[in-house]
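Dear colleague,

Please find below the structure that I am handing over to you. My notes on what was found in it follow directly after it.

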Amino acid sequence: MNTPTPAVETAGLGRRYRRTWGLRDCTFALPQGRVAALVGPNGAGKSTLLRMLAGINAPSEGVVTVLGKSPRTQTADALSRTAYLDQDRPLYKDFRVEEMLRFGSELNPRWDNERARRHLEELRISQASRVAQLSGGQQAQVALTMCLAKRPELLLLDEPVAALDPLARENLMQILLQSVADDNTTVLLSSHAVTDLATICDYVIILSASRVQFAGELDHVLGVHRILVGPTGSVSATLDGATVISSITAGRQTTMLVRAEQPIINPLWEVFEPNLDEIVLAYLRADASSARPQNEPMSRRERKSRNSNRIIQ
Amino acid sequence: MTWAAWRVQRSQIIAAMGVVLVFALWLLISGVVTGHSQTFKYWTDADIYVLYALPGVLGLALGAPLIASECSLGTNRLAWTQSVTRIRWLAFKFLVGGVVTAGIVIILGFLLEWWTGAVSVSALTNSGGFSAVRIQPTDFDLTGIVVIGYALFAFSLGVALGAVIRRPGWAFALGIPIFAAARIVVQGSLRAHLVAPAIFTNLTGLSLSTLAVNRGWQLHSTLLPANRLSPPPGRTWAWSDYTKSYDVCRGKPNLSNAGAAHCAALSHLHFVVQYQPDSHYWALQGIETAIFLGLGLLLLGLTVMKLKSWRT
């Protein structure tokens with residue numbers, strides 16, 4: 001077998017915290033050189049997954065390899081190949097920006113200080129300012145710079161664009177694409193901003209209810225999902241060979257997003273090709289109405305909205 | 001990486017130095033004033049307890065935040081995903097923190113030693129608790145090199161507790177009673193016998209004891225049968241065990257020393273004093289310091305095991 005090592009490979013990966021499973025049954029293989037989007041609602045397990053890939057937390061079950069090695073390996077060499085940006089953007093608050101860079105250069109053999117300095121200069125973040133005095137967005141930029149200056153083979157970014165303005169978002173996407181093109185970096189980033197991601201990512205992992213609902217190349221995702229629009233009541237409990245992800249009924253018309261390996265030929269239904277936004281939204285909608293974990297009872301408001309949605313599964 | 005290990009701890013180190021500076025000033029002033037006046041007692045008993053606690057508090061203050069504050073602030077997710085292993089990062093921080101702790105304590109130790117000497121004259125006249133007898137517990141704990149052992153043990157204890165509890169405040173709070181317990185056990189039960197004590201005997205008891213006994217640390221003193229230097233098996237050092245006939249003889253009022261000696265001889269008893277002489281001072285200091293340093297290393301090993309166990 002001559003296939004190159006996947007950048008990230010998991011099989012049955014799961015992590016439990018006390019009695020709740022933060023992530024369960026997670027299986028996918030992310031090839032190198034991809035920009036992968038990890039999408040899902042809050043609490044779906046995105047941060048849990050990223051932390052396990054980064055080696056911060058240990059899995060409760062399953063297998064995970066990052067760049068061919070278990071994150072448990074923890075050798076200096078293995079650690080230098082992966083960079084991780086945590087959701088909380090941890091920085092040493094009493095450091096100056098230049099001290100953060102010095103910290104990075106002392107702890108990373110392949111640190112590119114010039115690149116970091118230049119990047120921060122372009123963002124007009126002064127080297128002498130204290131981290132605590134920077135705005136949330138500027139702190140996020142500093143934390144991102146720390147990851148990029150490490151020149152890793154794999155970038156794991158947890159909500160990197162959350163605190164950035166639209167222009168900064170676009171700049172970051174450009175930087176990431178450049179890095180992929182120049183160094184064959186693999187990027188795995190989680191985000192809510194699906195619209196941004198759709199333009200740059202070529203691999204998608206959809207997490208929902210602590211499980212992987214879908215993982216695959218963007219072309220494949222777009223190829224197997226279809227939007228069906230048709231009259232209400234004409235849908236059978238199961239469409240042949242297709243899984244209904246979610247559906248919305250408005251009066252006499254039902255719109256469904258389905259996942260089908262074979263093309264759907266049904267005279268009653270109009271078939272459309274969805275874009276990534278619509279696919280992800282459908283999965284998020286499905287998660288919002290699906291059963292809750294047993295120790296998290298649904299609120300009254302949520303139960304009412306679930307009943308009125310009249311989801312046909 | 002030494003700069004990084006230092007810079008991360010800088011604010012705690014400066015705070016600790018500030019606190020120690022305050023105590024140093026107090027020691028300087030009270031030592032000089034008391035030394036000059038010789039009748040003025042510049043401190044209260046409460047102040048002294050603080051001095052005894054100081055090496056431990058210093059060690060815990062620098063050790064508890066080492067791992068715990070990184071975890072509670074989340075910066076461990078930054079530090080542990082750079083290109084160094086957790087153990088290496090701990091090693092550098094532990095080394096820097098430990099060296100700083102030792103440095104501060106060494107200076108403090110010199111100051112404490114000078115202070116106990118300076119106030120001891122006044123202490124004699126004011127029963128302040130310092131006896132200018134360096135091997136006795138009141139002085140022993142503040143002089144010599146044991147303070148370094150105490151502080152480094154407390155430092156290592158703080159680091160270990162921080163690795164388990166992961167909140168610096170709680171690690172510090174839990175460290176205090178554990179440190180106190182260790183000190184009490186070693187001082188109360190172990191120290192007396194770390195080096196074989198010396199024995200002194202006479203017929204009149206402490207009133208005519210030698211200079212060696214007066215400058216030593218008296219562990220036990222009692223009447224024992226004349227052929228024995230320690231209590232018979234099954235008996236303790238308690239005074240009342242053997243003294244019936246001696247008490248009857250001794251009961252006469254205003255008995256002189258010669259008379260008391262005669263009573264003792266009659267009852268086939270003699271006074272036995274078990275004590276640690278001043279000549280054992282450095283041996284005891286060395287062994288006790290080694291004990292605490294050994295405990296500190298053990299705790300460091302446990303910390304490394306905890307970090308490696310992955311479930312963090």
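Chain B of this predicted model is divided into domain 1 (2-193 + 280-308) and domain 2 (198-276), with bounds that come from an automatic or database domain assignment. Six residues from domain 1 of chain B and five residues from domain 2 of chain B make up the contact between them; two residues are in contact if their C-beta atoms, placed from the backbone, lie within 7 Å. On the side of domain 1 of chain B that touches domain 2 of chain B there are four nonpolar, two polar and no charged residues. Here Ala, Val, Leu, Ile, Met, Phe, Trp, Tyr, Cys and Pro count as nonpolar, Asp, Glu, Lys and Arg as charged, and the others, Gly among them, as polar.

As to conventions, residues are numbered from 1 along each chain as its sequence is written, and chains are lettered from A and ligands numbered from 1 in the order in which they are written. Because the model is predicted, local features need pLDDT of at least 70 and side-chain atom pairs count only at pLDDT 80 or more, while totals for chains, interfaces and linings use all residues.

Chain B has 11 helices and three strands, in the order α-α-α-α-α-α-α-β-α-β-α-α-β-α along the sequence. Helices (H or I, at least four residues) and strands (E, at least two) are DSSP runs, numbered from the N terminus. Of its 312 residues, 38% count as buried, that is, with 20 or more other C-beta atoms within 10 Å of their own, the C-beta atoms being placed from the backbone.

Between the chains, 22 residues of chain A are in contact with 19 residues of chain B. Helix H2 (76-80) and helix H3 (97-107) of chain A each supply at least two residues of the side of chain A that touches chain B, and H3(A) gives the most, with four residues. By class, this side of chain A has 12 nonpolar, four polar and six charged residues.

The buried residues of H3(A) include A:Met100, A:Leu101 and A:Phe103. Among the elements that cover the buried residues of H3(A) are helix H4 (113-122) and helix H5 (136-149) of chain A, together with helix H1 (2-37) of chain B.

Finally, in chain A, strand S10 (residues 225-231) pairs with strand S12 (residues 253-260) in the antiparallel sense over seven bridges; two strands pair if DSSP finds at least two bridges between them. A:Pro231 has A:Gln253 in S12(A) as its bridge partner. S10(A) also runs antiparallel to strand S13 (residues 270-272) of chain A, joined by three bridges, and A:Val229 is the bridge partner of A:Glu270 in S13(A).

With kind regards

Conventions. Buried ≥ 20, exposed ≤ 12 C-beta atoms within 10 Å, placed from the backbone.
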